[in-house]
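Hi,

Here is the structure I promised to pass on.

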Amino acid sequence: MSDNTINIDGQTVPFLPGQTIMEAAMAAEVYIPHLCHNPEFTPHGSCKLCTVSVNGRSAAACTMPAAAGQQILNNTEELNANRRALVQMLFVEGNHFCPFCEKSGNCQLQALGYYLGMMDPHYNHFYPARAVDGSHPDVLLDLNRCIMCELCVRASRDVDGKNVFGLTGRGIHTHITVNSPSGRLGDTNLAVSDKAAEVCPVGAIIKKRHGFAVPIGERLYDHKTIREVQTEAHK
Amino acid sequence: MPDNNTILLAVQTAAARHGNDPANLVQILREVQDALGHIPEEAVDDIARFLDIPRVRVAGVRGFYHFFHDRPHGRYEILFSDNIIEHLQGKPELLQQMCTRLWVEPERMSEDGLVRVGSTSCIGMSDQGPAALVNGVPVTRLNMERVETMVELVQKGVPLSQWPADFFQVEDNLRRADVLLGEPLERGAGVRAAVEKGSDGILAEIDRSGLRGRGGAGFKTAVKWDFCRKAVDTGEECSIVGPKVCDNTAATVRYVVCNADEGEPGTFKDRVLLNSHADLVFEGMTVAARVIGARQGFLYLRGEYRYLFDKLNGILAQRRRDGLLGENILGSGFSFDIVIHLGAGAYICGEESALIESLEGKRGTPRNRPPFPVTHGYLGKPTVVNNVETYALAAKIAAKGGEWFAAIGTAQSTGTKLLSISGDCERPGVYEYPFGVTVRQVLADCGAQDARAVQVGGPSGTIIGEGEFDRRLAFEDLATGGSFMVFNRERDIFEAARNFSSFFAHESCGFCTPCRVGSTLLKKGMDKIASGHGTCADVEELKRIGQLTRAMSHCGLGQTAANPVLQTLDKFWGDYEKRLISKEFEPSFDLDKALAVARRITGRDDAWAHVSAD
């Protein structure tokens, strides 16, 4: 057995020291479903979609360091059923209306729902009262669709150097807040060209006047699964 | 509302006292709130400016902790402890009575800004409850008469300092003492031994004693201290990619942290240790510092125990005067000091990595592990985090050696354990037992003749019924952090599980999906059953959600949040069954109830204004 390999669903996958299981898997074109993970940013580990079984114990692939000889289960019926339930949970805790959402077809939450065979929300909707902030001239913030992945927080802090976004509240009341005394996005220094304005995997942060630039039916996940898109992106 | 100058002055004072250090943000927010009554937006801006951090971080931290408020919350804030034991002792009725008499709704401040009455998670007084925090100070042994008096005092605007002193009396209720609490240790004996025996010598004694962490998980203390002592600072911020090549040129800074965030419902033994044996705790921290080579320690004291803050600081000051703390301890050249940080109402901060985040002035979100605190803890430096009781025991072991300690208890669980006993028994309080004692013995000693169930280790622990009373309290059988809640034959175990489910949903930090949403779904499911609309389908759903939350959550909170539901479904099915309706499915939505508003508006209540169940 090589020192620097792990085993995912029977497949031997090499890794470099310091890599996470997710990074090693992606490099080997092994798809592990994920939402809050984006290879451009520091791993976060909050959505738990990428939970795999490592030597019999659950761990988030995006934050777990790869270590020689790990026996990993990923694409199993049980894990995918749990992932489907997590996607359903994300759907019901917010207000997601795919049929008239500008992000439909480009949305990773929706795409994962399809990929994991989600046929209905299953749980009762929470119907939370969440704010929509249209105060910024170029960017809309719709918290109804937020899944608390903190990619905008990370992008604004680590790439844009602006700290426009942050989390406040706690538990089920956790939500995104913005860096202005008024609490309005229009009063922050967010620019439409910022990384934070384009990183949202769902439709919580979208650029105004571009919502239907690409017609529905021709969008990213309309003809390809999220697995295909994200595996190809890594090539 | 305070004017801008008042706000600026409050912020300036608090920030200056804490060196304008963002790591002290939680402490600064608390002091600003003390001065202003709440933390207004202007204060957030000022704090951000003084600390040179984004305002969004200040607002994020303010929004995380229960005890921080962004708007006025009453000159009197009365928070009833929502522990199930106090609940069963009449808390809901007392709260209702107070609200009725004060003409307020629960959780809402009165229109005149005088008072807010609400609930809070267990405040560590369930041996003398029902209890409440009044402006942060515990008032114990509440009854209708005491509530009446409190209402009058509030209405007359009498300051807390002039309330009857016996309202604030907190008893130790120490009922059984063994080697820890029964045999006093000469002050300074542990530190003296640490100085004499040195790091290797003390670590060998701790190892010989077999001491395991008293917070509940039972990790071997000597192993933890040894990991930390060997950990070398890589000079990098906490990184998740695991061990890096070490640069051994610079001396590594290490920290000792005492976890006094005793938040598990039903436990209060740390309260007693800190109230009457604080020297022993500080002594143990100093011993740990000597072993790992730390100069700085923190006691993270839960906000609910704030009433002990001044007293504990006084003890620290005395220890400095006595040469047991500070520079050059006992003339040995070894220096170590302790700072007390106050929490602000967050059960999750009892999780060690969340506690460290809070110490660093952040939201109390548990970190990704590895790396563990022993290598990447406070400010990314190697850090030992132990429970209050663990340090107290370590002090004794340092002074007396490990041998005698290992002879007590069982082979795998050496020494004694403090239990916080509350509920249906004649003598609630703190009991110290050698590990290995049976539940039956404990029940007999505390006067619980009619016990039906015991919740061992709090909601995140294990509930056992009569058939299991011969089980032993030990890491190899029933592990416990010390909470021991007794329920007699009259009690409804479903209600206990429902209370615990609410607790976890309320205390989830919100970071990961399975805990944030799963704990809320569990609470909703239990509420549906309680309302008389539950079916077998709902029970099956609870099991599925419970298993998912257990398997996929980020930290111990989520992994144990389903324990009460899953365990009671298994062991006390009858308490569920009698509530279920014999249908396969029943919607959680009640159409007739939903029409109530329309009926009120139209003033109708005839048959046509109702929808029948079928």
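Below is what turned up for ring pairs and for charges over rings.

First, the ground rules: this is a predicted model, where local features need pLDDT of at least 70 and side-chain atom pairs count only at pLDDT 80 or more, while totals for chains, interfaces and linings use all residues. Residues are numbered from 1 along each chain as its sequence is written, chains are lettered from A and ligands numbered from 1 in the order written, and side-chain values use heavy atoms, with hydrogens and water left out.

Rings of Phe, Tyr and Trp (its six-membered ring) pair if their centres lie within 6.5 Å; planes under 30 degrees apart are stacked, over 60 edge-to-face, the rest tilted. That gives 18 aromatic pairs over all chains. One of them is Trp163(B) with Phe167(B), edge-to-face at 6.4 Å between centres and 85 degrees between planes. Trp163(B) has 4% relative accessibility, so it counts as buried (under 20% relative accessible area, 1.4 Å probe, protein chains only). Phe167(B), at 5%, is buried too.

Phe494(B) and Tyr576(B) are also edge-to-face, at 5.1 Å and 90 degrees. They sit 82 residues apart, in helices α17 (493-507) and α22 (573-577) of chain B (helices being DSSP runs of H or I, at least four residues, numbered from the N terminus).

Finally, the charges over rings (NZ of Lys or CZ of Arg within 6 Å of the ring centre and within 35 degrees of the ring normal). Arg30(B) has its charged end over Phe309(B), 5.3 Å from the ring centre, and Arg290(B) lies over Phe334(B) at 5.9 Å.

Cheers

Key:
Buried < 20%, exposed > 50% of the residue type's maximum accessible area, 1.4 Å probe, protein only. Helix = DSSP H or I, 4+ residues; strand = E, 2+ residues; numbered from the N terminus.
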